[in-house]
Amino acid sequence: MSDEQQKRESPPHPIEGGAPDGVVDPLQLLSVVIPARDEEGCIRSSVEHLHLELRLKEVPHEIVVVDDGSSDRTWAILSEMANSLPALKPVQNLGEHGFGLAIRHGIDQSTGDAVVIMMADESDDCRDVVRYWNLLNEGFDAVFGSRFVKGGGVVDYPWFKLFLNRTANHLIRFLFRIKLNDTTNAFKAYRRTTLDGCRPFLSPHFNLTVELPLKSIARGYSWVVIPITWRNRRTGLAKLKVREMGSRYFFIVAYVWLEKYFSRGDYAKPEKL
């Protein structure tokens, strides 16, 4: 059996996340939030491939692409596509720019009761979005993809970034006593109620990718892990600047750690009546 078949046929990995709630109402709309800055070389194919996959699998959806101050033709391409693709909802982040700020703006502009955060460069697999949707519909509050469990994988990951990634994730696992081993990955899914329960959002940059899952876990929302595959971008430039992000990651990890162990449950998921 190939690695791809193994990933598709293997069950999810319910790592310490707890079982989903009992009977839940079916979700009505999936919002895929995609931050984009200077992505003219790939944004058209990213949106088209995603829309095709979701349409074929009959997933009701909107695609919210947030132009985060692009200086190329990204916004022009999105505006043109929106004329013939009703599911596409392009918006501009006209305030302060930043990866986390763009995602926060996209979440606020989206209307679905489920949200997937996805990269613009086709590094994430559209088929995994469908798997996220299905698991959210089983009642999980959040679904986390991992590239480092059986069935997952990375393609062309720069070795230095991979080393830093594994070091940071091992530290997070130790601090929070969890088995989730890919917390820093942006590609994750949440029910709207989970995201609302994680407010206020603090991170303006890539550290939002850590803030959202750690808050979900610390506040008692149910979650599940599935294997995913990541492929390095084929066009454009990577936006993550490692030197700039170290202290910001540390800040948000420390913040949520203090909340988890010292807030006495003040921010926990509300009990169902």
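In helix α2, the residues I43, S46, V47, L50, H51, E53 and L54 are buried, meaning under 20% relative accessible area with a 1.4 Å probe and protein chains only. Seen down the axis of α2, these buried residues fall within an arc of 165°, so they line one face of the helix; the arc is that of the directions from the helix axis to the C-beta atoms. This is a predicted model, where local features need pLDDT of at least 70, side-chain atom pairs count only at pLDDT 80 or more, and totals for chains, interfaces and linings use all residues. Residues are numbered from 1 along each chain as its sequence is written, and side-chain values use heavy atoms, with hydrogens and water left out.

**Helix α2**
- Helices here are DSSP runs (H or I, at least four residues), as are strands (E, at least two), numbered from the N terminus.
- α2 has 14 residues and reaches 20 Å from its first C-alpha to its last, close to the 20 Å expected at 1.5 Å a residue (1.5 Å times one less than its number of residues).
- Its buried residues pack against β1, β2, α3, β3 (88-92) and α5, with contact meaning heavy atoms within 4.5 Å.
- After α2 comes E58, with a positive phi near 55°.

**Nonpolar cores**
- A nonpolar core is a set of buried Ala, Val, Leu, Ile, Met, Phe, Trp, Tyr and Cys residues joined through side-chain atoms within 4.5 Å.
- The largest one has 35 residues, and L30, V32, L50, V65, V116, M118 and V129 have the most contacts inside it.
- The largest share of this core, seven residues, comes from α5.
- A second, separate core has 32 residues, including I107, F144, W223 and V256.

Note on methods:
Buried means under 20% relative accessible area, exposed over 50%, partly exposed in between (1.4 Å probe, protein chains only).
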